[in-house]
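Please prepare a briefing on the structure shown below, grouped by topic and with the cut-offs behind each term stated once.

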Amino acid sequence: MNFADFVRMMGAFASTRYRLRFDARASFERWQTRRIDAFLRTQLKRASFYRDYPSRELAALPVVDKAFTLQRFAAFNTHGIALETALAAARASEQAGLLPPQFDPNLTAGLSSGTSGRPGVFLASASERATWAGIMLARTLDRDLLTLLATRAKPLRVAFFLRANSSLYTTLHSRRIDFRFFDLQAGAHTHIDTLTGFAPEVLVAPASVLGWLAAETLSGHLRIAPRKVISVAEVLEPDDETLIRDAWRKPAHQLYQCTEGFLGYTCSQGTLHLNEEFVHVEPEWLDDARTRFVPVITDFTRRTQLIVRYRLDDILRVRATPCPCGRVTLALAAIDGRLDDVLWLPSRLGGRLLPLFPDSVRRAIAACGASIDDYSLVQHGRALSLGVQGSDTAFASIRHALDNLVASQGMCSLPWQRAALDTRAPTAKRRRIVCATKPLADGESFSPIADIHET
Ligand SMILES: [Zn+2]
């Protein structure tokens with residue numbers, strides 16, 4: 001990182017940490033609207049997709065999604081870089097190979113660890129990466145770690161378990177931060193000795209990997225005592241959360257970060273807040289009570305790859321009460337999973353399909369009392385397939401708990417099939433609950449997500 005970018009990073013750190021404070025939601029929204037307007041006025045026309053759009057009003061712009069923006073990748077970035085070039089550059093930087101000649105070496109391309117379909121790819125300039133690093137540090141370094149950084153000669157040791165080394169995260173490596181990457185492709189178990197020797201002060205990994213490392217710590221196979229534990233890239237399941245607390249006496253801090261941006265983080269009170277000082281979030285509500293929504297995001301900080309009214313696949317659940325930390329940004333109860341993690345069951349009143357959200361399924365399974373090591377629940381049309389690893393009674397206990405849950409929500413249960421629990425590849429993102437095929441409704445079907453509308 002050169003000096004200018006270092007200054008930029010420290011500026012982003014300081015302003016995120018100390019300046020962007022708002023007493024009331026209304027004053028925050030006025031500030032945010034001014035920022036978005038400035039962004040749309042100056043940046044939008046730099047991407048060819050928006051060049052001929054008559055309007056610079058956010059609400060008048062089309063809602064887009066991953067498939068659509070990948071299809072027209074060059075039109076959504078301000079350098080006109082084609083998807084093939086960006087993918088080649090991302091692969092080259094992962095494998096320390098040569099960048100394609102038509103790729104601007106001042107930019108960085110990185111791949112996302114998608115669960116299925118085409119991989120996501122991001123583009124960022126050096127200054128965007130510096131800004132991102134400053135925001136990331138401001139959101140994750142608590143007072144304890146900051147004091148350590150400021151007063152100790154030795155660098156802070158950060159262990160990072162990822163599916164692929166991201167050039168974005170290595171931006172954080174510096175004289176003050178010893179950033180060690182642990183490759184999940186090789187298998188988490190192959191790193192136990194190195195990890196013990198490294199003695200990380202900050203441990204960052206997908207939730208399921210943290211859960212496994214916590215279990216290894218509890219059984220005495222791993223001896224580490226991180227000061228901070230950060231969960232990324234997956235839904236933090238209740239059983240992993242408990243293991244993490246038991247092993248290291250710490251709550252897991254969550255970072256909600258994906259190719260599309262840095263979207264949320266846990267505050268000092270342990271609540272997940274949306275990163276609305278940098279990303280505008282429009283909720284597409286999934287229920288009448290407005291407890292869950294799909295976010296449509298606009299990142300008004302990015303300048304290379306434009307993320308404007310971009311619909312994510314995630315389901316976010318709103319926290320019922322304001323967070324005691326006093327932040328005015330939206331507080332979440334949880335990231336519940338993806339839209340295709342919702343199961344669809346027939347209503348007891350006939351015809352219509354009703355959504356069974358994954359968080360209620362997770363809670364019912366966690367509360368069913370059986371000893372369960374792992375499970376996988378997949379809906380194939382009008383059948384539910386369950387694979388369980390645990391005690392002999394685990395399958396029956398889960399089935400019983402879920403049949404009760406379904407009945408309590410006014411739905412009919414579906415026939416159960418017992419399946420073998422697949423062993424996951426070490427690099428696979430964990431998704432325990434999946435709707436593989438949605439059943440056909442007899443009559444009306446509940447479909448909250450409209451098709452992408454182009455004007
Ligand atoms: Zn809070």
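Arg309 is found in the loop between strand S11 (292-299) and strand S12 (310-311), where helices (H or I, at least four residues) and strands (E, at least two) are DSSP runs numbered from the N terminus. This is a predicted model, in which local features need pLDDT of at least 70 and side-chain atom pairs count only at pLDDT 80 or more, while totals for chains, interfaces and linings use all residues. Residues are numbered from 1 along each chain as its sequence is written, and side-chain values use heavy atoms, with hydrogens and water left out.

**Confidence**

- The protein averages a pLDDT of 86, and 92% of the residues score at least 70; pLDDT is the predictor's confidence in each residue, from 0 to 100.
- Over residues 444-455 the pLDDT is below 50, although this stretch has 26 contacts in the model beyond near neighbours in sequence, a contact meaning heavy atoms within 4.5 Å.

**Backbone with positive phi**

- Arg309, although not a glycine, has a positive phi of about 50 degrees, and Arg309 is buried, with a relative accessible area of 10% (buried means under 20% relative accessible area, exposed over 50% and partly exposed in between, with a 1.4 Å probe and protein chains only).
- Ala199 is not a glycine either, yet has a positive phi of about 50 degrees; Ala199 lies in the loop between helix H9 (192-198) and strand S5 (202-206) and is partly exposed, with a relative accessible area of 34%.

**Zinc site**

- The zinc ion is coordinated at 2.1 to 2.3 Å by Cys267 (SG), His273 (NE2), Cys323 (SG) and Cys325 (SG); donors are N, O and S atoms within 2.8 Å of the metal (3.2 Å for Na, K and Ca), and water is not among the atoms, so sites may look incomplete.
- The angles among the four donor atoms are 104 to 116 degrees and the site is tetrahedral, a label given to four donors if all angles lie between 85 and 135 degrees.
- Along the chain, the donors of the zinc ion follow the spacing C-x5-H-x49-C-x1-C.
- His273 lies in strand S9 (residues 272-274) and Cys323 in the loop between strand S13 (314-318) and strand S14 (331-338), so this pair ties together parts that are 50 residues apart in sequence.
- His273 is buried, with a relative accessible area of 1%, and Cys323 is buried as well, at 8%.

**Nonpolar cores**

- The largest nonpolar core has 66 residues, and those with the most contacts inside it are Tyr50, Leu61, Leu156, Ile297 and Val308; such a core is a set of buried Ala, Val, Leu, Ile, Met, Phe, Trp, Tyr and Cys residues joined through side-chain atoms within 4.5 Å.
- Helix H7 (residues 126-140) supplies the largest share of this core, seven residues.
- Apart from this core lies another, of 31 residues, among them Ala364, Ile365, Val406 and Ile433.
- Leaving aside neighbours within four places in sequence, the contacts of Val308 include Phe39, Leu44, Tyr50, Leu58 and Ile297.

**Helix H2**

- Gln32 lies in helix H2 and is buried, with a relative accessible area of 4%; leaving aside neighbours within four places in sequence, Gln32 is in contact with Glu276, Val279, His280 and Phe300.
- The C-alpha atoms of Gln32 and Val279 are separated by 9.1 Å, with the two residues 247 residues apart along the chain.
- Gln43 is found in helix H2 (residues 25-43), is buried at a relative accessible area of 10%, and touches Arg303 and Leu306, not counting residues up to four places away in sequence.

Conventions
Four donors count as tetrahedral if all angles lie between 85 and 135 degrees; four count as square planar and six as octahedral if opposite donors are over 155 degrees apart and all others between 65 and 115; anything else is irregular.
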